[in-house]
Amino acid sequence: MMDCPTSIEVVVALEATEELVAAFARLIPQLSSSAAPLTQDALAEIIAAPSNTVLLARDRDNGGKIVGSLTLVMFRIPTAVRAWIEDVIVDSNVRGRGIGEALTREALRLATERGARTIDLTSRRSREAAHRLYEKAGFTVRDSSVYRYVPFVSDKAGNHAIDSDALRAPRSRGAARARHRGR
Ligand SMILES: CC(C)(COP(=O)(O)OP(=O)(O)OC[C@H]1O[C@@H](n2cnc3c(N)ncnc32)[C@H](O)[C@@H]1OP(=O)(O)O)[C@@H](O)C(=O)NCCC(=O)NCCS
């Protein structure tokens, strides 16, 4: 296991402070170019949700600056208590120092302690560093398909609207098949 610099501490975010809003404004674009900026209210809602644990990596040598984050999501469903790891981001100028690994291992520790039977995540194939990190931390690739339904359609100007066509119940199985063939 890579030794995380001793100056790094991983803590749970407890409050949507302005410092945290600024940190996410810096970090989120490094993960997603399409995510909307996170407002203080939205962040407060995320932190307060009982299913969420937002972890922060702080660099003590740099005034406690927030240099990374990971969100652990836990929920109970009929089969078990499950956990998901989401939005793992480390600031580009401090990557390769074990911070991503430290965040991931802390999430695994918390999820295990809270009774998760499985801990899942997804990662695009192109994210090589992320794949190395997760495999190192003990994750294995599942033989399972990941599906996504996007309820919005976008026009060329980037405006989003609900795809009401997709939500309309097909009149019959034949109609559903015909619609599917038409796509
Ligand atoms: C993925 C990410 C979180 C890793 O953070 P990090 O702090 O650099 O990771 P660590 O230093 O803990 O490194 C863990 C492992 O990943 C490997 N790794 C780090 N950077 C790498 C790179 N550029 N290419 C290949 N492997 C890399 C490390 O080599 C290390 O394994 P090693 O000990 O065998 O060398 C970071 O690169 C990042 O924020 N990327 C952009 C957002 C992203 O892709 N998030 C993941 C979404 S699924």
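Colleague: How many Å separate the centres of domain 1 and domain 2?

Modeller: The centres lie 32 Å apart, taken over C-alpha atoms. Domain 1 covers 8-148 and domain 2 covers 149-183. These bounds come from an automatic or database domain assignment. This is a predicted model: local features need pLDDT of at least 70, side-chain atom pairs count only at pLDDT 80 or more, and totals for chains, interfaces and linings use all residues. Residues are numbered from 1 along each chain as its sequence is written.

Colleague: Where is H1 buried, and where is it exposed?

Modeller: Count other C-beta atoms, placed from the backbone, within 10 Å of a residue's own: 20 or more is buried, 12 or fewer is exposed, and in between is partly exposed. In H1, Leu20, Ala23, Phe24 and Leu27 are buried. They sit on the same side of H1 because they cover an arc of only 95° around the axis. That arc is taken from the directions from the helix axis to the C-beta atoms. The face turned away from the buried side carries exposed Glu18, Ala22 and Ala25. The buried residues of H1 pack against helix H2 (40-48), E3 and E4.

Colleague: Which residues have the most contacts inside the largest nonpolar core?

Modeller: In soluble globular proteins, nonpolar side chains tend to be buried together. A nonpolar core is a set of buried Ala, Val, Leu, Ile, Met, Phe, Trp, Tyr and Cys residues joined through C-beta atoms within 7 Å. The largest one here has 28 residues, and Leu55, Ala57, Leu70, Leu72, Ile99, Leu103 and Ala107 have the most contacts inside it. Elements supplying at least two residues each include strand E2 (52-59), strand E3 (65-77) and H3.

Colleague: What is alanine 57 in contact with?

Modeller: Contact means C-beta atoms, placed from the backbone, within 7 Å. Leaving aside neighbours within four places in sequence, alanine 57 is in contact with Ile8, Val10, Val67, Gly68, Ile99, Ala102 and Leu103.

Colleague: Which element gives the most to the shell around the ligand?

Modeller: A residue is near a molecule if its C-beta atom, placed from the backbone, lies within 6 Å of it. Here 21 residues surround the ligand, and the closest are Arg95, Gly100, Glu101, Ser123 and Ala129. H4 gives the most, with six residues.

Technical notes. Helices (H or I, at least four residues) and strands (E, at least two) are DSSP runs, numbered from the N terminus. Two residues are in contact if their C-beta atoms, placed from the backbone, lie within 7 Å.
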